[in-house]
Amino acid sequence: MRKQCASENVVTDLTIKNGDLDLAASVYGPEGAPAVLCLHGIAGSRDTWEETVRRYEDRFQVCTLDFRGHGHSDRANSYLVEDYATDAAAALDFIRRPTIIVSHSLGAVTGAFLAQQPNAYVKALFMEDPPYFFGEAAAFAKSGNDKRFNAVQQMLVAMREKGAGLGEYIEAAGGAPAPQGGIQADHVSSRHLLSAASALMRQDPDCWTPAKSTAVFESFKGDGPLKVPAMLVRADPKLGAGFAPEHEARFAAANPAAKVEMIKDAPHRIHATTSCQPKFFELLDAFLTEFAK
């Protein structure tokens, strides 16, 4: 366990057990403050939330988690949404009090999977561009993720085989085409670029196998109601959004009280995109303020 102190801010790195798996996590902020759990997407790790935790650590106790096969957590034999949900549930059991989940992509569907079930530790759910209906063949086929994710997996396998260094992962992450135009490095900070590269460098390539089809999300039912207050922030559909506009009516039918907002000109990784961060944090600020009471 490691503690760092900067002024009054403290971060503690620790290990959370989920059966035989060791999961890496970090906890920021004062003991007893309203609890937040941040869940990353399939290509990320817990340090993608660095700017988020620094924004809120004076008012909240924020826990960030590396899912199985990601970051500093153990690799596993299965990478389905129900498996990731057990990782998140283990983190909630560690926190042991009602918690606001802040989540992106895979992490958002994982949070929704938990929020569809009775769980005293899930207080509210903030979702960033979840691929909410990608367990269905038609929605997944439209995404084009089968080819895209297969290419990522093949790249990771090849980089492992040649023993690529961090610099090569930074080039791969930063040099990837951006849906806004140019490359990813044009649209994210140097810290976010390093975070993305580090996440790829540490990730188990097998995480991508079920994600190349509907398999990863097949046990999640998008038409099921959430049992807690929720907000869904979606990306701009012209920039590769995970949550499609045609799915908003289905989501609203199951969750009439939930709020849905689209951020114009936002790609899938909204929180990491420099131009989108002001609006993203405006929405997250309001959500956390409402449900921290």
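E57 is buried (under 20% relative accessible area; exposed is over 50% and partly exposed lies in between, with a 1.4 Å probe and protein chains only), at a relative accessible area of 4%. The side chain of E57 meets that of R54 in a salt bridge at 2.9 Å, N to O, where a salt bridge is a side-chain nitrogen of Lys or Arg within 4 Å of a carboxyl oxygen of Asp or Glu. R54 is partly exposed, with a relative accessible area of 36%. The model is predicted, so local features need pLDDT of at least 70 and side-chain atom pairs count only at pLDDT 80 or more, while totals for chains, interfaces and linings use all residues. Residues are numbered from 1 along each chain as its sequence is written, and side-chain values use heavy atoms, with hydrogens and water left out.

The structure holds 20 salt bridges. One of them joins the side chains of D87 and R68 at 3.0 Å, N to O. D87 lies in helix α2 (residues 81-95) and R68 in the loop between β5 (61-65) and α2, so this pair ties together parts that are 19 residues apart in sequence. Helices (H or I, at least four residues) and strands (E, at least two) are DSSP runs, numbered from the N terminus. D87 is buried at 0% relative accessibility, and R68 is buried at 8%.

A further salt bridge is formed by the side chains of E290 and K259 at 3.4 Å, N to O. Because E290 belongs to helix α10 (residues 277-291) and K259 to strand β9 (residues 259-262), the pair ties together parts that are 31 residues apart in sequence. E290 is partly exposed, with a relative accessible area of 36%; K259 is partly exposed as well, at 45%. Salt bridges also link D236, K238, K264 and D265 in a network.

Strand β7 (residues 122-128) has six of its seven residues buried and is therefore largely enclosed by the rest of the structure. Strand β6 (residues 99-104) pairs with β7 in the parallel sense over six bridges, pairing being assigned if DSSP finds at least two bridges between two strands. In this pairing, H104 stands opposite E128 of β7. Strand β8 (residues 230-234) runs parallel to β7 and is joined to β7 by four bridges, with M127 opposite L232 in β8.
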